[in-house]
Amino acid sequence: MANAIAPQPGIMDIALYQGGAAKIAGRTDAIKLSSNENPFGPSEKARDAVIRAAHSLHRYPNTDHASLRQAIGEVHGLDPDRIICGVGSDEIIHFLCQAYAGPETEVLFTEHGFLMYRISALAAGATPVSVREHERVTDIDALIAGATERTRLIFVANPNNPTGTMIGLADLERLARAVPQAILVIDSAYADYVDDYDGGAELAGRLPNVVMTRTFSKIYGLGGLRVGWGYAPREIIDVLNRIRGPFNLSNVALEGAEAAVRDQDYITRCRSENARMRAWLAEALAEKGVPSDTSCGNFILARFADTATAEACDAYLQTEGLLVRRVAGYGLPHCLRITVGDEASCRRVAHVIGMFMTERAAAAGAGA
Ligand SMILES: *Cc1c(COP(=O)(O)O)cnc(C)c1O
């Protein structure tokens with residue numbers, strides 16, 4: 001009778017999500033470049049709105065998120081009735097799996113895809129299925145080939161995390177049309193970092209089986225507030241709203257996110273500063289013998305000769321007070337993901353990696 005009280009199948013297969021490291025033991029001055037956070041934080045207008053919202057903490061929040069959806073709709077040119085807001089885009093991913101996947105169904109994504117896809121698929125009792133990427137780029141043909149009649153959801157982050165690469169909307173449309181029995185979820189957590197790109201909004205507005213997810217956690221600098229949203233055909237929004245907790249977003253979250261999305265001048269500044277420092281960092285690392293793919297996000301996937309070198313570099317960075325992200329869990333043990341920080345942080349991380357590479361080369365020379 002030991003197993004009389006057991007969770008649903010699949011639950012115990014979930015490995016606990018490991019966030020980016022936030023602390024180095026014995027240091028208070030660590031520079032955190034491990035979670036793709038905006039180094040400048042949120043817009044001041046968002047911060048002010050959060051503080052104002054503290055005066056209504058005794059009130060329940062509204063349940064329809066009408067004001068936030070209206071603001072998002074105005075800013076992005078979208079129909080507010082086709083928007084759903086969640087506790088981070090993680091919650092939208094979760095709703096999708098809960099509503100559309102389950103036992104005997106499959107959830108498809110790529111080998112270096114975001115870890116939450118697997119977690120949410122298993123939580124729903126579905127079978128997670130991953131397909132190869134091509135040189136760290138999403139391979140549409142591999143996804144089409146990997147789809148079966150049991151596939152209910154296909155998740156593609158574009159730009160992808162942790163690779164930073166992205167594919168074109170025409171390819172995503174081809175995938176959605178080739179697999180009409182499934183919903184294609186375009187995870188656009190990093191779309192705000194791409195110039196002149198709608199994140200798949202137009203596609204989600206036009207095709208019956210495309211959903212776009214967005215977040216306030218990255219360029220908006222509000223990871224701690226926990227707000228994300230999805231844009232989808234009305235029928236899908238209606239389904240997701242049935243399983244959404246009525247009070248899933250607090251007053252504070254709703255007010256903060258609305259002020260944030262209305263301050264697009266701030267977002268434009270963050271986008272251009274990120275692009276400037278991302279180019280600088282990629283080139284600085286390449287000069288020190290650490291290549292990376294062209295990144296479209298707010299991070300760089302630095303590639304090393306092998307796993308041992310990547311791990312040694314990570315340890316070296318930590319002794320210098322720098323936290324980056326190991327990505328072995330994403331099938332990239334020879335890489336480190338480095339968030340594009342402010343200019344001082346970028347210069348520091350490039351300098352320390354340069355010292356590491358020099359010392360490593362000297363040690364190898366001495367040993368030879
Ligand atoms: C950070 C990230 C998200 C956003 O998660 P939130 O729950 O909105 O904080 C979603 N997808 C990917 C690929 C991410 O990297």
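**Helix contacts, rings and backbone**

Analyst: Let me start with a helix pair: the axes of α3 and helix α8 (residues 234–243) come within 9 Å of each other and cross at roughly 95°, which makes α3 roughly perpendicular to α8. Please keep in mind throughout that this is a predicted model.

User: Which residues of α3 and α8 meet there?

Analyst: From α3 the residues are Phe95, Leu96, Gln98, Ala99 and Tyr100, and they meet Glu235, Ile236, Val239, Leu240 and Ile243 of α8. By class, this contact of α3 with α8 comprises 8 nonpolar, 1 polar and 1 charged residues.

User: OK, and α1 with α9, at what angle do their axes cross?

Analyst: The axes of helix α1 (residues 44–53) and helix α9 (residues 251–262) cross at roughly 155°, coming within 8 Å, and that angle makes α1 roughly antiparallel to α9. The crossing in which α1 passes α9 is right-handed.

User: What does α1 meet in α9?

Analyst: On the α1 side there are Lys45, Ala46, Ala49, Val50 and Ala53, and they meet Asn251, Val252, Glu255, Gly256, Ala259 and Ala260 in α9. The residues of the contact of α1 with α9 divide into 7 nonpolar, 2 polar and 2 charged.

User: Next, α2. Which of its residues are buried, and what do they pack against?

Analyst: The buried residues of α2 are Leu68, Arg69, Ala71, Ile72 and Gly73, and they pack against β2 (83–86), β8 (228–231) and α9. After α2 comes Gly77, which has a positive phi, near 70°.

User: Let's switch to the rings. How many aromatic pairs does the structure hold?

Analyst: It holds 7 aromatic pairs. In one of them, Tyr190 and Phe299, the ring centres are 5.0 Å apart and the planes lie at 75°, so this pair is edge-to-face. The pair links distant parts of the chain, with Tyr190 in the loop between β6 (183–187) and α7 (201–206) and Phe299 in strand β9 (residues 299–303), 109 residues apart.

User: Are Tyr190 and Phe299 buried or exposed?

Analyst: Tyr190 is buried, and Phe299 is buried as well. Another aromatic pair, formed by Phe216 and Tyr220, is tilted, with 4.8 Å centre to centre and 55° between the planes.

User: And how accessible are Phe216 and Tyr220?

Analyst: Phe216 has a relative accessibility of 1% and so counts as buried, and Tyr220, at 5% relative accessibility, counts as buried.

User: Which residues form an aromatic cluster?

Analyst: Phe109, Phe114, Tyr117 and Phe155 form one aromatic cluster.

User: Now the backbone. Where is the peptide bond to Pro159, and where does Pro159 sit?

Analyst: The bond joins Asn158 and Pro159 and is cis, with omega at about -5°, and Pro159 is found in the loop between β5 (151–157) and α6 (169–178). The peptide bond from Asn161 to Pro162 is cis, with omega near 15°, and Pro162 has its place in the loop between β5 and α6. As background, most peptide bonds are trans, and most residues other than glycine have a negative phi.

User: What about phi of Glu104 and Glu135?

Analyst: Glu104 is a residue other than glycine with a positive phi, near 75°, and it lies in the loop between α3 (88–100) and β3 (106–110). With a relative accessible area of 68%, Glu104 is exposed. For Glu135 phi is near 50°, a positive value in a residue other than glycine, and Glu135 is found in the loop between β4 (127–131) and α5 (140–146). Its relative accessible area is 57%, so Glu135 is exposed.

User: Last one, where does His55 lie, and what separates it from Arg348?

Analyst: His55 lies in the loop between α1 and α2 (66–76), and it counts as exposed at 67% relative accessibility. The C-alpha atoms of His55 and Arg348 are separated by 41 Å, and the two residues are 293 residues apart along the chain.

Key: Residues are numbered from 1 along each chain as its sequence is written. This is a predicted model: local features need pLDDT of at least 70, side-chain atom pairs count only at pLDDT 80 or more; totals for chains, interfaces and linings use all residues. Side-chain values use heavy atoms; hydrogens and water are left out. Axes are lines fitted to C-alpha atoms, for helices over the stretch in contact, and angles run from 0 to 180 degrees between N-to-C directions. Helices (H or I, at least four residues) and strands (E, at least two) are DSSP runs, numbered from the N terminus. Angles under 35 degrees count as roughly parallel, over 145 as roughly antiparallel, 65 to 115 as roughly perpendicular and the rest as oblique. A crossing is left-handed if the near helix is turned anticlockwise from the far one by less than a right angle, and right-handed if clockwise. Contact means heavy atoms within 4.5 Å. Ala, Val, Leu, Ile, Met, Phe, Trp, Tyr, Cys and Pro count as nonpolar, Asp, Glu, Lys and Arg as charged, and the others, Gly among them, as polar. Rings of Phe, Tyr and Trp (its six-membered ring) pair if their centres lie within 6.5 Å; planes under 30 degrees apart count as stacked, over 60 as edge-to-face and the rest as tilted. Buried means under 20% relative accessible area, exposed over 50%, partly exposed in between (1.4 Å probe, protein chains only).
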